[in-house]
Amino acid sequence: QHYAGQKIDDMQAEAAKKYPNMPLTDAMKKLGEEQARDMLSKTPDPDQKNLRAAQMFYGFYYINTEARAAYCRERGADLTPFVSRFQANHRAELARAQAIYAKTGGNPDDMLAMLRPAFAKTIEQDMKDVTTGAGVPLERACALFNEHAAALADYIKLPGDVRAAFVAGLR
């Protein structure tokens, strides 16, 4: 857990330095996409590339379905409208990731416990940046996600390189 938290801290520092004029969450997403592209391009074995893409997908999926929901639950809000739409939007990718993990004998839920504290920190920053961008107080973050559940769930996309690695594995 400490290692995951340190990785998030390091990534935040690197993103802030590399993209100082962007909101921190956007800078982290951009840096994360660059790192994913680099990692996937340096992975020649198709099975290993599929597994890495599945791991990245699970991180993306958990942060939006588990960590964001937990953030709101801690504040007395139920994020079911957003989470349900997000899950529906990513049903095919989830099935693909589950199939990849089944081939390896691994369990993606094992990484959730280790990453939960790091994801909580990431979501806290994301909610701050979203509300700042929307011009609403932070206390309205969860309400904003519920009021605009479909639009926000449709807007949040799996990075293109991760999606491409996923789709390539289906052929």
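Author: Let's begin with the sulfurs: searching the whole structure turns up 1 disulfide, meaning a pair of cysteine sulfur atoms within 2.5 Å. Cys72 and Cys142 are the partners, with 2.1 Å from S to S. The torsion about their S-S bond is about -95°, so this disulfide is left-handed. Cys72 sits in helix H3 and Cys142 in helix H7 (residues 141–147), so to speak distant parts of the chain, 70 residues apart. Helices here are DSSP runs of H or I with at least four residues, numbered from the N terminus.

A word on the model: it's predicted, so local features need pLDDT of at least 70 and side-chain atom pairs count only at pLDDT 80 or more, while totals for chains, interfaces and linings use all residues. Residues are numbered from 1 along each chain as its sequence is written, and side-chain values use heavy atoms, with hydrogens and water left out.

Now follow H3 (residues 46–74) to H6 (residues 109–134): their axes come within 8 Å and cross at roughly 60°. Axes are lines fitted to C-alpha atoms over the stretch in contact, with angles from 0 to 180 degrees between N-to-C directions. Cys72 turns up again in this contact, on the H3 side, along with others including Tyr58 and Tyr71, while H6 brings Phe119 and Met127, among others. Contact means heavy atoms within 4.5 Å. The residues involved split into 11 nonpolar, 3 polar and 5 charged; Ala, Val, Leu, Ile, Met, Phe, Trp, Tyr, Cys and Pro count as nonpolar, Asp, Glu, Lys and Arg as charged, and the others, Gly among them, as polar.

How values were computed:
Helices (H or I, at least four residues) and strands (E, at least two) are DSSP runs, numbered from the N terminus.
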